[in-house]
Protein chains: 2
Amino acid sequence: MSNYFKAPLTRRQCLSLLAKAGSSSAVLGAAGIFGLTNTPVNASPVTLKPLQGKNRKVLILGAGISGLTAAYELERAGYHCTILEASHRIGGRVLTLRRGDFIDELGSPQICPFDDAPNLYFNAGAARIPAHHTGILHYCRTLGVELQLFSNHNKNCYTQDDAAFNGQPVRIREYEADMRGFIGELLAKSATSGAVLDQPFDEQDLDKFIQFAQAYGDLDSSLTYRGTDRAGYAAGGVTTAGILKQPRPLPELLRSDFCAGAMHFAEIADQAPALMTPSGGMDSIVKAFLRQLTTPVQLHCQVSNIQLQPQGVAITYLKQGESYTEQADYCLNCIPAQLVSGIENNLPADYVTIMRQLGRGKLTKIGLQAKQRFWEQEDIYSGISWTKQDITQIWYPHHDAFKAKGILLGAYSWEPQISDRFAAMTHQQRLATAIAQGTKVHANYAQHIENGVSVCWQRMNHMLGCGAVWPEELQKTGFQLLQAPAGNHYLMGDQLSMHPGWQEGAVRSAWHALADIERREALRSTGAQA
Amino acid sequence: MSNYFKAPLTRRQCLSLLAKAGSSSAVLGAAGIFGLTNTPVNASPVTLKPLQGKNRKVLILGAGISGLTAAYELERAGYHCTILEASHRIGGRVLTLRRGDFIDELGSPQICPFDDAPNLYFNAGAARIPAHHTGILHYCRTLGVELQLFSNHNKNCYTQDDAAFNGQPVRIREYEADMRGFIGELLAKSATSGAVLDQPFDEQDLDKFIQFAQAYGDLDSSLTYRGTDRAGYAAGGVTTAGILKQPRPLPELLRSDFCAGAMHFAEIADQAPALMTPSGGMDSIVKAFLRQLTTPVQLHCQVSNIQLQPQGVAITYLKQGESYTEQADYCLNCIPAQLVSGIENNLPADYVTIMRQLGRGKLTKIGLQAKQRFWEQEDIYSGISWTKQDITQIWYPHHDAFKAKGILLGAYSWEPQISDRFAAMTHQQRLATAIAQGTKVHANYAQHIENGVSVCWQRMNHMLGCGAVWPEELQKTGFQLLQAPAGNHYLMGDQLSMHPGWQEGAVRSAWHALADIERREALRSTGAQA
């Protein structure tokens, strides 16, 4: 979930590059094959062939989404599964917090203090599902998980940056309307400037381009931006004529970092609408898997040794001070790679070397219980407010409008140095920080907040990090190597996908491993060497 | 609901205007008062003072949202209400269709053929509530109407225009990513062109502007657009590296009318996120009002005479062939103005003259029952596909993903000439047209559709039109005159708001009339002349 935004260029870099760029080759474009689908390839669910009496045992390490996916598919095909989970709970980074839940953060253990009510929950881990994540949606569909729409983008939320507007929060609606107005004006002007629009623009293209610019910015008939009702009215507009708001000047808008980053957040492939989320909390997916599994997940089992064997794998683990060893035909290992590399093992040296280099994201989420849903009085239902402060975002519930209380996301910080700052605080300091910073967005914030939870994923027990971070060069050389089995051992999880931090990556990494097991079982049936 | 988009300029108009426009005064902007709210003024609900034993009778003509709002508030304050409704049903243009419902379209009567299931409903009238429509949301909150998020904008939906891409549907995700890429490129170039960016841009502004352009278009480090994963991948992207799609050339993109209109639809003040809609259908709001009312709505009562009297109003109506006359202190009249002007009356002449000039929108909606939710196989959950054909839009359900069947909106046409073409067809011809045109968006459309309903609002009994259409000049001279009482008679409804076609207009026009009654009652209490 890191690297949401490209690092912006400095001015020197920009100008140098622009000089080099020359005429707009990209504007000319290139005819080519235009895919009509954005569904990732190989998105069909894996369906394993039933074993038909063959005896196969699989050890699954970790009961997050990848482990649960594998267990579900394996059991359906007749494999015997053992699921070992190091922590006190099932779900991994699918963590929906409700009253009384234990938050096992090292150095900051908490009991969730929310009131006991169905709408008072907080998705401290995975929170949204994009519509093209067909793997996890396959399980929502087949296991009966009810979904609701989720939204990142709500025009009534705020953007706040101390560098602009004297630090006052500005409605995204107003900010975007004004930015579009000025940009539309510039585009309309560009249309008459040969320096910008190259061939092969014919008259009709140019005409359409100007129409685009006008519609984009809501320009008046002289192609000038003079404000728009898109920004909402300063007064009136329902039973009396509406009075437009004064546009903010473009230089002032540009002073806010919003335009260089967050304004484009909902364009990111996995953050664009439509997004969905299970009714009642993301852990509905975990519960749905558990309803199907016959093997109970064994909690508090910490793996201490992984030994590849000629025909399988032996796993040693500690449970309540006792050591146990289990053997199996296959081991599916969902433990974070940086922890695996510290466990006694006989995995290949290059495999271990890569695991050691694989980074982990740092991420802080804070959930706040509000006494009253004050955001609804500000016409906010769902969505995200953005601030340049450490809390980065405030999310408003997408669900259960009009209830007495609600849970806000009070911080979502994925920059490592920011998350480290939160990690260094006590829980009460984190809440105080979230409230103090949130007060720049909502003036009377403090008086509404009753209690809260904070989760610094880099310190959560048995995880010590959020999504895997693959350095670019390492990914080129090491991804396929880690993805391939080491003997009968498979490393899995969202860490072995191009979507670290997303359930889709977890599901599809499980499918990838299962497809390989299927291939090997087919070879074994024919007597060949797998 | 008409006039969604400004009429595009012709090329000749554009160039002439650009020549006149001169330097960009709007870019300089103007410091001013920046409202921090987009809540329309006077949005507080009207609370009438209890009558405390005084006897007041109010006749309410029409049981749509404005009539129900008025009845609810008046009853709470102790007024005696009589609600007369001309049609066979309550709700006006809030019309949620389910199996067996009678659609009283003149010349095209239908019984809704959908299967009997909770998720198989169609909002043939009002369908969405923007978050700043505080009037209707006030009643959702106080009357316990459960809301869900609704979305106009889903990147996985399609845009289709015969003029571009050989008429093939293109995912909005791909179209928008490419448009933004090329526009971002142009903006980055503009930044070095003094002809476009005027003073007072300082170095820092320019830097920020280039960062904006880069983030806007997802440009590479040379500020060139070479495709983006925002468009989805051509292949891979989850367990293997993703391969970017080839960008479509800008001239080809411009050939589609999408960029000049629909691409900006969700920027319209009332169409921008967050939008909401009641769970189970928009008529949940009507049902919620009815639960509160003690006076039953009298159906099949057609008003035939409206007579202002010195101390009140007398209304004559026909019910089952019999004529009845009722007198009341006040009459709140929600009948469409163009119908009122044809009813015998002694209203002031200028009042009637204005009513006669007030237009009515023409609007067709078609609902289609699909045997299977084929759109989910195309990664579509909620949102709107756009086509230049008469059907204009296809909507996918925002609710009840994964159910066996679903109701699509198969056409939503608000251009009068298009809606007239549908009105001239039989119901079966309308369905055949919707299916034939929809096939350009979804190749196997016909095989999925089982049955459907069609509603041409300009022919719906007792309405003969959709939202009021105020000619600009008429609105300036006539709006306040119609809004003011004529004696003790008040014209109401969304027709007397700046939001024709929206429930918010209906609620707020009722509040406007009630506030005036309140004022008069206060004067009467003091013995003054009201």
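This short talk goes through the sheets, domains, cavities and some backbone details of the structure shown above.

Before anything else, please keep in mind that this is a predicted model, in which local features need pLDDT of at least 70 and side-chain atom pairs count only at pLDDT 80 or more, whereas totals for chains, interfaces and linings use all residues. As for conventions, residues are numbered from 1 along each chain as its sequence is written, chains are lettered from A and ligands numbered from 1 in the order in which they are written, and side-chain values use heavy atoms, with hydrogens and water left out.

Let me begin with the division of chain A, where the bounds come from an automatic or database domain assignment. Domain 1 covers 57-91 + 285-359 + 471-525, domain 2 covers 96-156 + 273-282 + 362-459, and domain 3 covers 172-255. Taken over C-alpha atoms, the centres of domain 2 and domain 3 of chain A are separated by 35 Å.

In chain B I would point to an open sheet of four strands with mixed pairing, ordered S16-S15-S14-S18. Strands S16 (322-328) and S18 (344-345) of chain B form its edges. Strand S14 (residues 302-309) and strand S15 (residues 312-319) of chain B pair in the antiparallel sense over seven bridges, with Asn305(B) bridged to Thr316(B) in S15(B).

Now to the cavities. On a 1 Å grid over the protein atoms alone, a cavity is a set of points where a 1.4 Å probe fits but cannot get out, and lining residues have an atom within 4 Å of a point; grid points are joined across faces, edges and corners, and a volume is the space filled by probe spheres set on the points. The structure holds 17 cavities of 30 Å³ or more.

Which residues lie nearest the centre of the largest cavity? They are His153(A), Glu267(A), His153(B), Ala266(B) and Glu267(B), out of 43 lining residues. This cavity holds about 700 Å³ of space, and H5(B) gives the largest share of its lining, three residues. By class, that lining divides into 24 nonpolar, eleven polar and eight charged residues, where Ala, Val, Leu, Ile, Met, Phe, Trp, Tyr, Cys and Pro count as nonpolar, Asp, Glu, Lys and Arg as charged, and the others, Gly among them, as polar.

The second largest cavity has about 210 Å³ of space. It is lined by 17 residues, and the closest to its centre are Phe150(A), Trp395(A), Pro397(A), His398(A) and Ile407(A). S23(A) gives the most to this lining, with three residues, and the classes are eleven nonpolar, six polar and no charged residues.

Finally, some backbone details. The peptide bond from Pro273(A) to Ala274(A) is cis, with omega near 0°, and the bond from Pro273(B) to Ala274(B) is cis, with omega near 5°. Ala274(A) sits in the loop between helix H7 (250-255) and strand S13 (275-278) of chain A. His300(A), although not a glycine, has a positive phi of about 55°, and this residue is in the loop between helix H8 (284-292) and strand S14 (302-308) of chain A.

Technical notes. 1 Å grid on protein atoms, 1.4 Å probe; cavity = no way out; pocket = protein on both sides within 12 Å on 5 of 7 lines; lining within 4 Å. Helix = DSSP H or I, 4+ residues; strand = E, 2+ residues; numbered from the N terminus. Pairing = 2+ DSSP bridges.
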